[in-house]
Amino acid sequence: SNLYGVVPYFVGKTIVETPVGLIITFLYGLIVYYIVGLRTEAQYYFIFNLVYVGCAFLAQGMGLLFGCAFNNFNTAMIVTQFSLMPIFLFSGFLINQANMPIWLAWLRFLSPFRYIIEAASRNEFDGVSTSMFEGYNPVTALNLDIGLWNCIIIIFAMGIGYRILACFFLKMLVRKVG
């Protein structure tokens, strides 16, 4: 009914949904962290939760982006599913980054999963004696080279970027519909 603009609506929606999303994600992370048996020091727990909240923030932004980019729900779902597979494939988890063809290697920097995997791996395995894992350290085995805090910054920046793009697409969609 054109009572308010797209940007105030989008910002309001984000502000209202963020606290609930943070609380739910934080509580779920609390349960998962201790069930899985990750490092027991408090600093690692809080970094884990920061990465986990960043992952949820990024995923919500990606969902908003795909939802706002298409006016048909089924189209949005299909495009989302087909877009996530290459993003996951180039994360460095299925294909080691050192073995990736050079002409495809640049795609790994577009994958948000890459930064989530590296941040979580570095939080858990950096500074841990490799004798615990019989000489195997996932950080070196997967050639993770960005750094924990750089990954966390990139995760949140990508989440914000996805939200800005989603707002842009929503504005275009509202203009197109009417």
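Predicted model: local features only at pLDDT ≥ 70, side-chain atom pairs only at ≥ 80, totals over all residues.

Visitor: OK, back to Ala157: where is it found?
Guide: Ala157 sits in helix 6, which covers residues 148-177. Helices here are DSSP runs of H or I with at least four residues, strands are runs of E with at least two, and numbering starts at the N terminus. Between the C-alpha atoms of Ala157 and Leu58 there are 8.5 Å in space, against 99 residues in sequence.

Visitor: What share of the chain counts as buried?
Guide: 38% of the 178 residues. As for contacts (heavy atoms within 4.5 Å), take those in the chain with a separation of 6 or more: 69% of them join residues 24 or more positions apart.

Visitor: Let's do packing. At what angle do helix 1 and helix 6 cross?
Guide: Roughly 140°, and the axes of helix 1 (residues 6-36) and helix 6 come within 10 Å. Axes are lines fitted to C-alpha atoms, for helices over the stretch in contact, and angles run from 0 to 180 degrees between N-to-C directions. Helix 1 and helix 6 are therefore oblique to each other; under 35 degrees would be roughly parallel, over 145 roughly antiparallel, 65 to 115 roughly perpendicular, and the rest is oblique.

Visitor: Which residues of helix 1 and helix 6 make the contact?
Guide: Helix 1 brings Val6, Val7, Tyr9, Phe10 and Thr14, while helix 6 brings Arg163, Ala166, Cys167, Leu170, Lys171 and Val174. Sorted by class, that contact has eight nonpolar, one polar and two charged residues. Ala, Val, Leu, Ile, Met, Phe, Trp, Tyr, Cys and Pro count as nonpolar, Asp, Glu, Lys and Arg as charged, and the others, Gly among them, as polar.

Visitor: How about helix 4 against helix 6: how close do the axes come?
Guide: Within 9 Å, with a crossing at roughly 145°. From helix 4 the contact includes Tyr115, Ala119 and Arg122, and from helix 6 Ile152, Ile155 and Met158 are among the residues involved. By class, the contact has 11 nonpolar, one polar and two charged residues.

Visitor: Met158 then, buried or exposed?
Guide: Buried, because its relative accessible area is 17%. Skipping neighbours within four places in sequence, Met158 is in contact with Leu58, Leu110, Ser111, Pro112 and Tyr115. One of those, Ser111, is 47 residues away in sequence and 9.8 Å away C-alpha to C-alpha.

Visitor: Which residues touch the most other members of the largest nonpolar core?
Guide: Phe10 and Ala119, out of 23 residues in that core. A nonpolar core is a set of buried Ala, Val, Leu, Ile, Met, Phe, Trp, Tyr and Cys residues joined through side-chain atoms within 4.5 Å. Helix 1, helix 2 (42-69), helix 4 (112-125) and helix 6 each give two or more residues to this core, and the largest share, nine residues, comes from helix 6.

Visitor: What is Ala119 in contact with?
Guide: Val51, Leu148, Cys151, Ile152 and Ile155, leaving aside neighbours within four places in sequence.

Visitor: One glycine to finish: where is Gly54?
Guide: In helix 2, and it counts as buried because its relative accessibility is 0%. Gly54 touches Ile155 and Phe156, not counting residues up to four places away in sequence. Its C-alpha is 23 Å from that of Gln97, 43 residues apart along the chain.

Note on methods. Residues numbered from 1 in each chain as written. Heavy atoms only, no water. Buried < 20%, exposed > 50% of the residue type's maximum accessible area, 1.4 Å probe, protein only.
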